[in-house]
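User: Hi, could we go through this structure together? I'd like to start with the ligand and then look at some backbone details.

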Amino acid sequence: MIRNAAQYVASLRDNRSIYLDGKIVGDTTTHRAFRRTVASAAKFYDYQSDPANQDRMTFRTPDTGEIANRIWELPKSYEQLVQRRKALEEWISLNAGYIGRGPGHVASCISGMAMGLDVFKEYDPKRADAVMNYYQYARDNDLYLTYVIINPQADRSKAASEQENEFLTAGVVDQDSSGITVRGAKMLASAGILANEVFVTCIQPLRPGDERYAISFVIPLNAKGVKMLSRKSYEEHAPDVFDNPLASRFDENDAIIYFDDVKVPWDRVFVNQNIEMCQKQFHATPAHVYQNYQAQIRLSVKMRFLIGLARRIADTNGVTGFPQVREILGNLAAQGAMVDALLTAMEVKGSKHGEYFVPDRHTLYAAQVLTQQLYPQVTLTLRELAGGGLIALPSSVEDFRNPETRKLIEKTQQSPTCNSLERVKLFRLAWDAVGSEFASRHLQYEMFYAGALFVTKNHSFATYDWARSAAAVDNMLKSYSLEGATGQAS
Ligand SMILES: Cc1cc2nc3c(=O)[nH]c(=O)nc-3n(C[C@H](O)[C@H](O)[C@H](O)COP(=O)(O)OP(=O)(O)OC[C@H]3O[C@@H](n4cnc5c(N)ncnc54)[C@H](O)[C@@H]3O)c2cc1C
């Protein structure tokens, strides 16, 4: 089954507990802090259910023969992987990649776990059944998932079990024949307001003694005891779409989730108090690669948008002809090509995990390391190109509604390529992409969503083909000695 927009929106009216500004939010689909973003997410569902798009966006599941969104597809060949990527690109393009945790991200993670079911079978056949049953359930019900896989910051020099509060980090307080009971917090559910269910686990290394935190499960966001503590809503503070075209519509939200003695049934528990298995679920299966491959697809879409924006800013200010500006744009274009090329490379260099075809692990980690550092550079370049135009703007859309100030805007906002309204519209968009509080959160997102830089660099270190590089060095060292070049007269 695939859902349409109305079915998706209806599914969010589920009495979940979201806290914002000291109050509990009722219906997110109508609340002014969330409603436009919910409507943007609903477009994903409109798009997939449009008969004109269905062939590209969906596939027939091998076990039921029903259609499902391609985010759940488990490709068996390079061609299937690319076909799936093209569908994901189309979906992500609906918001230029600004909904970072669109439905495709955690679906990719769970799909990666399903592709690596052998790892779960070796651990515990019952937990393997839970993973496979949930993969099919989420796929067949077209669920939107988010995840919380990071422990709250407190004292990072100490283990989870050594923190002052034993249940700062979500852990098991009890277990019985029906399941486990979980208490404590996890960060940071992006798109929690948009999702139906949350995948909860720990991707950070845990130490002996931390077993109670080594869990992995899924739970509906309206389950008893699940409390979402929302950050400030940028949407709420962006009442007019024209003034903040991104913040007002694509503020996916981020929330700490507190588990207030939440009961999780066994058929939703993937790992129970096993430190090694918490790591293996990501790294011994294709899950980590597959979820972050989706993130790189999204970033390539976003880069395309930002590069287009840079060019439009330069054209609007009449500076594109200056050699220095062409160089800046040329450099941006090269950076965009690098992101695209890494994406292509991870597909071309992909390999089989069992019967499934998955992107190349090291190329993925290389892309993460480079793009975490690239994103701040790209947004800074847009600021550099735009100059004071990002700031020298009318105070709000109201200035256009007053005939007197509108005339003044027409006299003061000019461009060789567009009228004053179009100029203001463009620079407002650019500010929301690089300068507003929404933009600033995106900077933090791109720098951290996949872990801090030292984490991704360590993944790159762990997966590089050092033996091949070592052989190159050895060959060179062997080619000369104190006597000169080997096999040649000195
Ligand atoms: C906007 C945004 C959205 C997010 N969305 C999600 C989400 O949907 N789901 C989810 O699970 N998580 C999410 N996260 C959390 C994200 O995964 C974490 O921010 C990331 O893993 C880094 O962890 P941390 O924030 O605890 O930083 P820390 O691990 O505390 O690191 C912060 C800094 O401290 C230093 N540091 C810390 N530990 C070490 C160390 N061992 N060695 C060297 N230096 C160290 C480094 O300078 C590092 O950059 C999101 C984060 C942001 C900012």
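**Around the ligand**

Analyst: Please keep in mind that this is a predicted model. By class, the shell around the ligand is made up of 11 nonpolar, four polar and four charged residues.

User: Which residues come nearest to the ligand?

Analyst: There are 19 residues around the ligand, and the ones that come nearest are Ile149, Gln153, Arg156, Leu188 and Ser190.

User: OK, and how far is Arg156 from an oxygen atom of the ligand?

Analyst: A polar side-chain atom of Arg156 lies 2.4 Å from a ligand oxygen atom, while for Gln153 a polar side-chain atom is 2.9 Å from an oxygen atom of the ligand. On its own the ligand has 950 Å² of accessible area, and the protein covers 70% of that.

User: Where does the ligand sit?

Analyst: The ligand sits in the largest pocket, and the shell around it draws at least three residues from each of two domains, namely domain 1 (5-283) and domain 2 (287-471).

User: Which element gives the most to that shell?

Analyst: That is H15, with four residues. Helix H15 covers 437-448, and both this helix and strand S5 (145-148) supply at least two residues each.

User: Switching to the backbone, what kind of peptide bond joins Met187 and Leu188?

Analyst: Met187 and Leu188 are joined by a cis peptide bond, with omega at about 0 degrees. Leu188 belongs to the loop that runs between strand S7 (179-186) and strand S8 (197-201).

User: Then what about Asn15, is its phi positive or negative?

Analyst: Asn15 has a positive phi of about 65 degrees, although it is not a glycine. This residue, Asn15, is located in the loop between helix H1 (5-11) and strand S1 (17-20).

Notes
Residues numbered from 1 in each chain as written. Predicted model: local features only at pLDDT ≥ 70, side-chain atom pairs only at ≥ 80, totals over all residues. Heavy atoms only, no water. Near = heavy atom within 4 Å. Polar contact = N/O pair within 3.5 Å; in protein donor to acceptor, adjacent residues only side chain to side chain. Areas by Shrake-Rupley, 256 points an atom, 1.4 Å probe, with all protein chains shown as cover. 1 Å grid on protein atoms, 1.4 Å probe; cavity = no way out; pocket = protein on both sides within 12 Å on 5 of 7 lines; lining within 4 Å. Sits in = over half its atoms within 2 Å of the grid points. Nonpolar A, V, L, I, M, F, W, Y, C, P; charged D, E, K, R; others polar. Domains from an automatic or database assignment.
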